[in-house]
Amino acid sequence: MGYRAMQLNCYCGQAPDRILEVGFTSDRHMVVHFWCSACSRVLFRSQSLDECEQACPPTDAEAETQSAAEDARFLQSLGIAGS
Ligand SMILES: [Zn+2]
């Protein structure tokens, strides 16, 4: 499974120290409140479902196959699987 961290940046360019809260609005936006210690203020970022979807990394079937093979090798090395 691919994973991509959500990019949260303050206007000042600092990455947030803390995420305070994640919530949802009645118009189906995801909202993340975070704290910038450089500015000493709470900021928020809201994202629609469409924007969330766009932010998702592409499905990578090959990477999944590869990690499954690695898992199998790992289990084999432990003597758990292999037949
Ligand atoms: Zn800031």
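Strands here are DSSP runs of E with at least two residues, numbered from the N terminus. With that settled, Thr 25 sits in the loop between strand 1 and strand 2. This is a predicted model, and its protein chain has two helices and three strands. Going along the sequence, you get β-β-β-α-α. The radius of gyration is 19 Å, well over the 12 Å that the globule rule gives for 83 residues, so the chain is more spread out than a compact globule.

**Overall build**

- Along its principal axes, the C-alpha trace spans about 55 × 30 × 20 Å.
- Of the contacts with a separation of 6 or more, 32% involve residues 24 or more positions apart.

- The three strands make an open sheet in the order 1-2-3, and the pairing is antiparallel.
- Strand 1 (18-24) and strand 3 (41-48) are the edge strands, each pairing on one side only.
- From one strand to the next, the twist averages 20°.

**Strand 1 with strand 2**

- Strand 2 covers residues 29-36 and runs antiparallel to strand 1, with six bridges joining the two.
- Arg 18 has Trp 35 in strand 2 as its bridge partner, while Gly 23 stands opposite Val 31 in strand 2.
- These two strands form a hairpin with four residues between them, and Arg 28 in the turn has a positive phi of about 65°.

**Strand 2 with strand 3**

- Here eight bridges do the joining, and the two strands again run antiparallel.
- Cys 36 stands opposite Arg 41 in strand 3.
- This hairpin has four residues between its strands, and Ser 40 takes a positive phi near 55°.

**A closer look at Thr 25**

- Which residues does Thr 25 contact, leaving aside neighbours within four places in sequence? They are Val 31 and Ser 46.
- Val 31 is also the residue in strand 2 that stands opposite Gly 23.
- Thr 25 and Ser 48 are 23 residues apart along the chain, and their C-alpha atoms are separated by 9.6 Å.

Conventions: Residues are numbered from 1 along each chain as its sequence is written. This is a predicted model: local features need pLDDT of at least 70, side-chain atom pairs count only at pLDDT 80 or more; totals for chains, interfaces and linings use all residues. The radius of gyration is taken over C-alpha atoms; the globule rule is 2.2 Å times the number of residues to the power 0.38. Two residues are in contact if their C-beta atoms, placed from the backbone, lie within 7 Å. Two strands pair if DSSP finds at least two bridges between them. Axes are lines fitted to C-alpha atoms, for helices over the stretch in contact, and angles run from 0 to 180 degrees between N-to-C directions.
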